[in-house]
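We will go from stop to stop, selecting as we go.

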Amino acid sequence: MRKYKFSVEDIKRLLKQIVILVDSREKKNSHILEYFEKNGIAYRKEKLEYGDYTFLIPTTDGDIYFHRDCVLERKASLEELSGNLAQERERFEKEFLKAGNDGAKTYLMVEAPGGYSDIIAHRYKTEFAPTAYMASLKTWEHRFGCNVQFISPEYSGYYIYSTFVYFAREVLK
């Protein structure tokens, strides 16, 4: 990961200019895009190599891209995540391996506010057993060093934006 040395004033200015990059294949995310629009957060859609969201910061010396440094993978439900960990595991794993090979910090945001409680109580509509689900998810966290966050969909846009702002703030120091 590149290191920068911007002043505190420059960092504040740059963080206001963040542009969220949204994978063009991302579906059913209007609630996130509406949050960005309502809050004046710039975004654009383009095909990403991995992850559903990343960001860039435009500067006078050229854009600073973070697509190989920090990405967020979004799952719209426990059912979708279950399918990725069970039936589509190989494809899902390849995506995380690509990110890991680039040294990218990966966040896994699951729009399921009940999170672990709902997994343990099997409050999701798949046959993936709770013990297998937990084992897969915990293995995923350790194997890929990803941060798993369960969140209500109404806060997804905020979570994405704040994750990138605070990541960038640390890198730009």
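**First stop: a loop residue**

Select Asn 29, which counts as buried at 6% relative accessibility. Keep in mind as you look around that this is a predicted model. Asn 29 sits in the loop between S1 and H2. Now show its surroundings: leaving out residues up to four places away in sequence, Asn 29 touches Val 22, Tyr 53 and Arg 74. For a distance to check, pick the C-alpha atoms of Asn 29 and Lys 45, which are 16 residues apart along the chain and separated by 12 Å.

**Second stop: strand S3**

Next, select residues 53–57, strand S3. Five of its five residues are buried, so S3 is largely enclosed by the rest of the structure. Which way do the side chains point? Tyr 53, Phe 55 and Ile 57 go one way from S3, while Thr 54 and Leu 56 go the other.

Strand S1, residues 19–23, pairs with S3 in the antiparallel sense over four bridges. Strand S4, residues 64–65, also runs antiparallel to S3 and is joined to it by two bridges. Click on Leu 56 to see both pairings: Leu 56 is the bridge partner of Val 19, and it stands opposite Tyr 65 in S4. Follow the chain from S3 to S4 and you trace a hairpin with six residues between the strands. In that turn, look for Gly 62, which has a positive phi of about 120°.

Select Ile 20, Phe 55, Ile 160 and Leu 172, which touch the most other members of the largest nonpolar core, a set of 29 residues. Elements that each supply at least two residues of this core include H1 (8–15), S5 (70–75) and H7 (156–172). H7 gives the most, with eight residues. Zoom in on Ile 20: beyond residues up to four places away in sequence, its contacts include Phe 36, Tyr 53, Phe 55, Ile 160 and Phe 164. Then move to a second, separate core of 19 residues, with Leu 81, Phe 92, Ile 119 and Leu 137 among them.

**Last stop: Thr 106**

Finish in strand S6, where you will find Thr 106. Is Thr 106 buried or exposed? Its relative accessible area is 6%, so Thr 106 is buried. Leaving aside neighbours within four places in sequence, Thr 106 is in contact with Val 71, Phe 96, Ala 99, Gly 145, Cys 146 and Asn 147.

Key:
Residues numbered from 1 in each chain as written. Predicted model: local features only at pLDDT ≥ 70, side-chain atom pairs only at ≥ 80, totals over all residues. Heavy atoms only, no water. Buried < 20%, exposed > 50% of the residue type's maximum accessible area, 1.4 Å probe, protein only. Pairing = 2+ DSSP bridges. Core = buried A, V, L, I, M, F, W, Y, C linked by side-chain atoms within 4.5 Å. Contact = heavy atoms within 4.5 Å.
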